[in-house]
Amino acid sequence: MVSSLPSLPSVPGTDPSSCILDAFRTAIAKRVSDALPPLTLEQAYTGVDYGKKGVDFTVALPRFRLPGKPDELAKKVLIDFQPDDFVSSITHDKQFLHFQLNTASLIREVLNQIHTLTYDSPTGTKSYGTNTSGAGKKLIIEYSSPNIAKSFHVGHLRSTIIGAFLDNLYKACGWEVVSLNYLGDWGTQFGMITTGFEKYGSQEELEKDAIKHLYNVYVKVSKDADSDPNVKVEAAKWFKRMEDGDESALANWRVWREMSIKKYIEEYDRLNVSFDVYTGESEVGKEWQDRALERLEEMGLISDANGAKLVDLEKWKLGKAVLRKADGTSIYLARDIGGAIERWEKYHFDKMIYVVASQQDLHLSQFFKMLSLMQFPWADRLEHVNYGLVLGMSTRKGTAVFLDQIIREASSVMHDQMKRNEEKYNNIEDPEMVAREVGITGIKIQDMAAKRINNYTFNWDRMLSFEGDTGPYLQYAHVRLTSMERKNPELIPLPPPSQIDTSSLASSPHARDIAILLGSYPDVVKTALKTHEPSGVVTFAFRLAHAISSAWETLIVKGEQDTEKARARLWLYLCARDVLGAAMRLLSIRPLERM
């Protein structure tokens with residue numbers, strides 16, 4: 001359904017067809033620029049900000065640096081004010097002008113736009129909240145990146161959750177995204193495992209769970225190495241043979257890698273995460289590693305320390321970095337450099353993001369610095385998105401080493417909670433799936449709720465509670481909205497939007513709060529793209545869930561005698577469900593319909 005608002009001049013960078021609040025902001029900017037020449041419409045638009053509590057939009061007059069006192073400027077804007085379809089009132093407060101939007105237009109236009117872009121979108125996919133700012137651009141994003149044969153620890157979990165969010169976010173903003181899982185599948189630990197497998201390996205255990213079995217072999221052989229120095233010597237020899245391309249040394253490694261990836265794909269699928277490419281340190285060719293070393297040597301940046309090659313970055317306060325060990329085998333910094341060059345050759349990206357813990361800040365800075373010293377014109381397209389630590393993550397029985405243990409634990413805790421309500425429990429088709437999804441939502445929301453650089457303490461009780469701002473609470477809010485159709489069959493299907501009269505909603509402060517929040521969702525997505533922070537989207541989802549929860553008592557659907565009113569309210573709730581669901585999917589969460 002096309003907007004019924006009067007037409008406005010267009011402001012570059014705005015798109016009212018995907019974010020209706022852009023139209024309301026443009027109308028405000030037009031009033032301000034018309035009253036205050038030589039201020040242009042575009043300049044005025046940059047000054048229209050979301051207001052504080054109870055105010056829709058605010059303009060701070062001093063920011064325009066116009067001659068005259070704020071009071072005089074405010075008078076010029078207010079002098080001929082008449083309410084219209086966009087603005088119902090303007091209040092002058094010291095240096096600020098506060099604008100309230102026309103409630104009836106706001107509610108009608110927001111609900112229309114959500115409905116159109118969710119069900120009649122030109123792209124055929126649900127597109128409310130998306131934009132095309134990245135059209136024609138390509139992002140390569142590397143995240144998760146666990147080590148094969150070592151535990152998938154909680155650091156990898158954070159990288160996976162934040163990376164999956166960024167992957168979805170860039171797609172929502174029109175970018176072409178290629179997601180890479182860069183596995184730790186190379187290095188002396190494989191020499192260790194090869195040495196240990198002869199003694200501790202079992203084909204049967206390997207087929208059952210390759211990741212766990214190889215890890216167990218690694219733990220046992222590392223223990224042997226503590227008492228017998230020969231084990232490490234043997235392991236180094238094995239790895240040297242692998243680096244030299246000796247087929248007999250590589251045969252087992254290839255099988256183990258393949259089996260581990262297969263197992264990982266299953267585990268990621270449970271987390272609602274998938275990768276376009278599984279690559280790894282092993283796939284970085286030696287050619288670029290050698291050329292990198294040569295180029296840095298030509299630049300006089302390489303020094304020799306007992307046969308090992310060091311790069312001196314002291315001048316940039318980045319210390320010294322080892323590029324190659326004395327025995328000639330590569331180290332992961334060299335593989336990172338070689339890998340970046342190969343990716344440029346293959347993808348010609350506009351941006352490449354590495355989602356890696358802040359403990360690796362120095363490593364990433366050294367790596368980016370070397371690429372820029374090597375004068376690659378694309379070196380400034382690389383970005384490190386970092387994050388803090390998770391403290392105290394373990395199962396209730398002790399330390400958790402594997403991702404599947406953490407997921408199983410979260411599922412079983414949720415399952416126990418669900419069984420307490422026997423009646424609801426019996427209505428759920430697949431309680432185990434529901435318990436797992438709610439458990440995973442709890443883990444993800446706890447992870448993304450605060451700024452990513454912050455460390456946080458993992459807390460099972462808080463994470464899996466239905467009280468407060470938790471994952472289960474968000475799922476519950478979505479399920480409750482979804483149940484509205486089931487509970488009001490006499491109103492379904494709703495007539496087309498043009499035949500729903502929303503005027504009755506204009507007198508409800510609750511409906512207005514929900515509508516302006518829903519209208520702000522496209523802005524929430526754009527802000528997240530600037531900050532790379534999932535926490536903004538999480539905060540939005542909770543604000544929306546709270547606004548809906550406050551409305552249940554007064555904006556009733558079941559039991560409302562007036563069918564027009566009941567329809568308008570149901571439509572509001574269904575639009576809220578669609579937007580809450582979109583925000584959850586952006587966060588890589590699968591919204592549930594029953595629980």
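Modeller: Start with a surface patch of positive charge, where Lys424, Arg480, Arg486, Lys487 and Arg594 gather. Keep in mind that this is a predicted model.

Biologist: Which helix gives the most to the positive patch?

Modeller: Helix α18, residues 471–487. It supplies three residues.

Biologist: And where does Arg594 lie?

Modeller: Arg594 sits in the segment after α21, which covers 563–586. Its relative accessible area is 43%, so Arg594 counts as partly exposed.

Biologist: Let me step back. How many helices and strands does the protein have?

Modeller: There are 21 helices and 16 strands. The C-alpha atoms fill a box of roughly 85 × 65 × 40 Å along the principal axes.

Biologist: What percentage of the 595 residues count as buried?

Modeller: 55% of them.

Biologist: Which way do the side chains of β5 point?

Modeller: Two ways. Lys138, Ile140 and Glu142 point to one side, while Leu139 and Ile141 point to the other. All are buried. In a regular strand, side chains alternate between the two faces of the sheet.

Biologist: Which strands does β5 pair with?

Modeller: One is β6, residues 176–183, in the parallel sense over five bridges. There, Leu139 stands opposite Val177. Another is β11, residues 351–355, also running parallel to β5, with four bridges. The bridge partner of Glu142 in β11 is Tyr354.

Biologist: Now salt bridges. How many are found in the whole structure?

Modeller: The search finds 33. Side chains of opposite charge can pair when their charged atoms come close. One of the bridges joins Glu266 and Lys263, at 4.0 Å from N to O.

Biologist: How are Glu266 and Lys263 placed in the helix?

Modeller: They are three residues apart in α10, residues 247–270, which means about one helical turn separates them.

Biologist: What about Arg291 and Glu287?

Modeller: Their side chains also meet in a salt bridge, at 2.7 Å from N to O. The residues are four apart in helix α11 (residues 286–298), so about one helical turn lies between them. Arg291 is partly exposed at 38%. Glu287 is partly exposed too, at 48%.

Biologist: Which residue does Lys309 bridge to?

Modeller: Asp304, at 3.2 Å from N to O. Lys309 is partly exposed, with a relative accessible area of 23%.

Biologist: Which residues are linked in a network of salt bridges?

Modeller: Asp22, Arg25, Asp523 and Lys526.

Biologist: Switching to the backbone. Where is there a cis peptide bond?

Modeller: Pro37 and Pro38 are joined by one, with omega about 5°. Pro38 is in the loop between α1 (21–35) and α2 (41–46). Ile492 and Pro493 are joined by another, with omega about -5°. Pro493 is found in the loop between α18 and α19 (509–531).

Biologist: Which residues have a positive phi without being glycine?

Modeller: His348 is one, with phi about 45°. It lies in the loop between α12 (332–347) and β11. With a relative accessible area of 48%, His348 is partly exposed. Gln375 also has a positive phi, of about 60°. Gln375 is in the loop between α13 (361–373) and β12 (382–385).

Biologist: Is Gln375 buried or exposed?

Modeller: Exposed, with a relative accessible area of 64%. The cut-off for exposed is over 50%, so Gln375 clears it.

Definitions and conventions
Residues numbered from 1 in each chain as written. Predicted model: local features only at pLDDT ≥ 70, side-chain atom pairs only at ≥ 80, totals over all residues. Heavy atoms only, no water. Patch = residues over 30% accessible without salt bridge, like charges linked within 9 Å, V, L, I, M, F, W, Y side chains within 5 Å. Areas by Shrake-Rupley, 256 points an atom, 1.4 Å probe, with all protein chains shown as cover. Lys, Arg positive; Asp, Glu negative; His and termini not counted. Charge placed at Lys NZ, Arg CZ, Asp CG, Glu CD. Helix = DSSP H or I, 4+ residues; strand = E, 2+ residues; numbered from the N terminus. Buried < 20%, exposed > 50% of the residue type's maximum accessible area, 1.4 Å probe, protein only. Pairing = 2+ DSSP bridges.
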